[in-house]
Amino acid sequence: MNPAATTGAGGRLERAVLAQLKHLEQTYPGATLLVACSGGADSLALAAACARLAPARTFKLVAATVDHGWRPESSAQAGQVQEILTGLGYRQVALLELSRQEAGGGKEGAARKGRYRALVAEASRYGKLGSEVFILLGHTRDDQAETVLLGLIRGSGPRSIAGMRSWGRNEKTQEKVASESQSGSQSGYLRPLLELPRQDTVAACQEWGLPYIDDPSNYPDGPVKAVDGSPLRRAALRHQGLPALEKALGMDPRPALARTAALLQADLDALDTLAESWFTQVKREKPEGVRLETRQLLSQPAAIRKRVWRLAALAAGARASDLRKVQLDAVDFLATARRGTGPIQLPGKINCTREAGSYELCFRREPRG
């Protein structure tokens with residue numbers, strides 16, 4: 001079947017997936033594609049489109065579904081997802097079970113981290129994430145809009161408001177600079193449906209006769225709550241916040257929110273590229289850690305300087321997801337005010353110190369006691 005000739009929502013999905021497969025094939029033609037499928041409309045539509053298109057390409061196609069253990073019936077549903085994927089043609093479908101601690105007992109952040117850790121562990125069976133194996137996720141334009149709003153509500157800064165990427169261009173660049181950091185792994189995540197609305201994934205499942213799962217955990221009045229008993233934030237935003245905003249504005253805000261993310265990503269890429277150039281110029285690799293000669297760098301705006309501190313912390317072994325603005329602010333004060341020598345404690349047991357009487361900063365892991 002020629003995807004370009006296919007009409008309807010299914011055709012739009014196939015064309016979006018095919019475009020990313022062709023792009024990936026140019027650089028990683030023999031990679032393994034691990035499709036993450038919860039059984040919901042988004043991920044199931046993605047899995048079906050990949051099953052239709054990937055066999056004609058050069059990729060190895062596998063899948064995985066994650067059982068959070070949040071509901072009594074979740075284990076049986078995960079088994080059903082395995083059966084559906086097998087019926088679509090997947091020969092290898094892993095069922096990944098999270099422990100109660102990983103599932104987070106209702107905490108979205110802990111559950112998300114546990115889910116990604118499980119997927120990365122499964123992907124590692126097939127090779128290096130970001131070159132030999134890629135994890136495909138079914139996030140849509142609606143998810144992107146929700147992510148932008150959640151970032152605004154939390155005051156998380158531009159990286160959070162920029163949302164998700166369909167292809168981790170910026171993270172791939174950072175991988176070269178800080179190969180041991182978590183940011184490098186982001187280049188292994190692909191989101192072919194990120195520019196399509198959720199209604200297309202639902203319609204595609206209906207066109208293809210796929211029995212997707214409408215998980216009650218995704219609703220504000222569902223069985224899974226936050227630790228304080230309130231609805232999960234994303235569920236509340238999806239079913240209450242965004243509809244209220246749409247009604248108040250008289251328009252669907254999701255496309256504009258997604259565009260905002262794309263525009264901000266382009267600006268962040270430009271700043272990150274400049275910061276990476278500075279990092280390369282000022283770093284002095286030493287056995288005991290990463291040293292920076294900052295005299296010339298201090299003339300740059302704070303937005304550049306703090307990105308360089310971040311890259312140095314990542315190169316020393318900090319995790320990108322654990323770094324906070326307040327920590328980078330403290331490093332920036334140490335460098336610019338030149339009062340005291342530190343240390344500034346960073347995630348991953350990384351310390352930043354300033355050598356007395358100099359412009360040198362050193363990022364190093366604390367010695368094991």
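**Entry 1: a pair across the chain**

I started with Glu146 and Arg198, whose side chains meet in a salt bridge, 3.4 Å from N to O. I'm working from a predicted model here, so I keep in mind that side-chain atom pairs count only at pLDDT 80 or more. Where do the two partners sit? Glu146 is in helix H6 (residues 141–154) and Arg198 is in helix H10 (residues 198–208). They are 52 residues apart, and the pair links distant parts of the chain. I also looked up their cover: both Glu146 and Arg198 are buried.

**Entry 2: a strand pair**

Next I picked Arg291 and Glu360, another salt bridge, with 3.1 Å from N to O. Arg291 lies in strand E7 (residues 289–293) and Glu360 in strand E10 (residues 360–365), so this pair ties together parts that are 69 residues apart in sequence. Buried or exposed? Arg291 has 13% relative accessibility, so I put it down as buried. Glu360 comes out at 18%, and that counts as buried too, because the cut-off for buried is under 20%.

**Entry 3: a bridge with partly exposed partners**

Then I checked Arg319, which forms a salt bridge with Asp322; their closest N and O atoms are 3.5 Å apart. Arg319 has a relative accessible area of 40%, so it goes in my list as partly exposed. Asp322, at 26%, is partly exposed as well.

**Entry 4: a greasy spot outside**

Which residues make up the nonpolar patch I looked up on the surface? They are Leu245, Leu249 and Met251, and together they have about 260 Å² of accessible area.

I searched the whole structure for disulfides and got zero. Take Cys37: it is in no disulfide, and the nearest cysteine sulfur, in Cys205, is 8.6 Å away. Cys37 has 2% relative accessibility, so it counts as buried.

Cys50 is at 0% relative accessibility, so I noted it as buried.

How values were computed:
Residues are numbered from 1 along each chain as its sequence is written. This is a predicted model: local features need pLDDT of at least 70, side-chain atom pairs count only at pLDDT 80 or more; totals for chains, interfaces and linings use all residues. Side-chain values use heavy atoms; hydrogens and water are left out. A salt bridge is a side-chain nitrogen of Lys or Arg within 4 Å of a carboxyl oxygen of Asp or Glu. Helices (H or I, at least four residues) and strands (E, at least two) are DSSP runs, numbered from the N terminus. Buried means under 20% relative accessible area, exposed over 50%, partly exposed in between (1.4 Å probe, protein chains only). Patches are made of residues with over 30% relative accessible area and no salt bridge: like charges are joined within 9 Å, nonpolar side chains (Val, Leu, Ile, Met, Phe, Trp, Tyr) within 5 Å. Accessible areas come from the Shrake-Rupley method with a 1.4 Å probe; for residues, only the protein chains shown count as cover. A disulfide is a pair of cysteine sulfur atoms within 2.5 Å.
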